[in-house]
Every structure is written in structure tokens, then in C-alpha cells.
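I opened the model to look up its domains, the contacts between them and the overall fold. My entries follow.

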Amino acid sequence: MTRDTGLYIHVPFCLSKCPYCDFYSVRYGREKAREYAAAVVRNIRHYGGRFDTVYFGGGTPILLYEHIGGILAAADIVPDAEITVEANPCMAEPHILAALRKTGVNRLSFGVQSMNERELAFLGRRHTVTQAENALRNAHTAGFDNISADMMIALPGQSEDDIARTAERLAGLGAVHISAYILKVEDGTPFAERELSLPDDDRAAELYLHTVDTLERLGYRQYEISNFAREGYESRHNLKYWRCEEYLGIGAAAHSYLDGKRFCTARDIDAFIASPVQEVSITDEKPGDWEEYAMLKLRLTEGITFAEAARFGKAGELLANAEKLPRSLVSITDSGVSLTPEGFVVSNAVIGKLIFG
Ligand code: SF4
């Protein structure tokens, strides 16, 4: 590693499993969490490097709050680094958030999902609307100003007003970043076994476009398909993924892009704890080619510039492919090409057309 990179730490513990979730996580146990944190520290020391963003993702990383200071102390982190911890609102007690703030954590990402009790119950979340409100308030009191919240859209029976109420409530509580995801039923989850009356694709698209409009109205600028931020509060760590920059992932089921290779670890906590250094499988020997680069960059509203495309010898092809698509789906300027919100609704098809014609 020759330059500052991102550090991702996967924390695969949860208090219970939400019925839509296919992330790798197991039930939290205090002793197992301690062993896991020690293994994370071992690996950080093994890889070395210097980091300008750190992201604890999960799972429920806030469950490791007693260990986060020790983990951060093992890493070489630049002074103005963005350090994020994902948090479940039901755990956001004042003393826990104050302890996190003291360790240097400066960004919290709350899995709020909804400010509607019926929707939270459907999603099988452990927290209530009141707990979500208290979580954001407690975060401010503990000294956090960089606060993100997730919200879920395209739920059964969800209306435009339901979405607006959640977004407005989050804005009122001082979230400066919102990630809005369309609910997808993943194979192997409890939701996949149930008969759910989810909105069809057209209705989901309407709700997505309504979410984009609502968040823009509330002062959040869309910068990625599912991500919106007040100015200056875009997630610096997640931007690395979409800009095809390198990051080190540590933990069970963690992915990395480092020293010119993409690699991942197994979905196996015990193997991660037992191994002196995490065992990795190379998933891509030569990442960063045109297809991958364009596919990631076009998720961002900044899109891809002709200068970037020219580095791959693709500037002419990109322009020619973009000109064949309706202006409602792609925007073409003197400097480059990007997707519109309507384009994001059918992003896979549009990005495919831009890359392959
Ligand atoms: S808390 Fe998050 S990671 Fe854990 S099961 Fe629920 S959605 Fe998945």
C-alpha cells in the first residue's frame, strides 16, 4: 500500500436476524465478539498501511463498541479521516455513543429503515419509532454531526405520504445523509418463503422517483443511485467503492480491493478468529478495467467524464452509445455522461447500453 486507502471492518454479529437480510451475521455473544475484535487487530497489524476512511459495517457493529477504540488504535489513521460505525437504533444509548465519540468515531449510520411503526413491524426490526428518534437525538448530544440514516422503500401498501413522512422526520432530526433502498427479496431469507404483496416494478419505480424528489426538496443532493447528502456530507468511504479506489477489508465475509487485486474472506467467523492472518480468495486478478470502472462510476450522479473514458480508449464509443439513448435516461454534457433519476430506475439496462452499445 503506497497511498492512503479505506479500511472496511465487517462485524458479523446481530441481536436477531431481520427477515429480509442476507448479509453474513450470527447471533451476538460477548466472548466471541472479544475474540473477533482481537483477530481484527491482528490483521490490521499484519497488513499495515495508512487509512483516510474507516468503516465498521455489518451486521451490527455498534455491538462491538467496547472494542472499537482498541481496533482504531491498532491502525495508522490520518488525522482528518472519516470513521463510520453502523448502528442499530435500539442500541444507541447515550453512554455507548459517548464512548464511541471518544474513540475518534465521527460518523454514525443508523439502520432506521422507517419512521412508521407498521413498516418497522413488517421489516421485523427490533426498534420503535421513538427509539429511532432518541437514537438521532442521543447522537447529536454525544457530539456527532455527521449522521446517516437508512430508509427502505417499496414496502407493501407504502404510499408517497409514508415515504415523505419518514424523510421529513429524519431531516427534522438532523440526519445529513440518507440511504434509500428498494426492498429486494433475496433467496434464502425468510421473506423469500412468504407470500408478500410487494409493489410491482412500475410502482416501485414511482416510489423511488418520489423518494428522489422528496429528498431533493428537503435539501439532500442525490450523489448515487441510493444515496443522498447535504453538501459536504457524502460518504467518503463509500465513494471509494464507486470511484474504483482501493480499500482493505478485514473480517469474515469482507471484500478488499488492494494492491491491484480484488479478494474476499469466507463467511465463517470461527475460521477468521482461528487464523493468524485472514485467509483470502482472489476474486479478480486484474480489476479496474473499462467495464468495471464504468459500471461503478455510472452509479454516481457525477457519471463518467470523457477524459476518464479516454484513459481506456473509450471516449468516442461512450458518446456514441449515449447518443442512442433517450435524454430522459442519460444526460450528456461537454465533459461526460451520467444517468438521470429515470435512468437510475433501469440502471442495469442503461449502463449496459452505455458500455456495450
Ligand atoms: S440488523 Fe442489519 S445486518 Fe443484522 S439482520 Fe438486521 S438488517 Fe441484517
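I began with the domain assignment, which gives domain 1 (5-241) and domain 2 (293-356); the bounds come from an automatic or database domain assignment. I note that this is a predicted model, in which local features need pLDDT of at least 70, side-chain atom pairs count only at pLDDT 80 or more, and totals for chains, interfaces and linings use all residues. Residues are numbered from 1 along each chain as its sequence is written.

I looked up the domain centres, taken over C-alpha atoms, and found 29 Å between domain 1 and domain 2.

Next I checked contacts (C-beta atoms, placed from the backbone, within 7 Å). I found 9 residues of domain 1 in contact with 8 residues of domain 2. On the side of domain 1 that touches domain 2, α8 (201-217) and β9 (221-224) each supply at least two residues. The most come from α8, with 4 residues. Helices (H or I, at least four residues) and strands (E, at least two) are DSSP runs, numbered from the N terminus.

Last, I looked at contacts with a separation of 6 or more: residues 24 or more positions apart account for 70% of them.

Terms used:
Contact = placed C-beta atoms within 7 Å.
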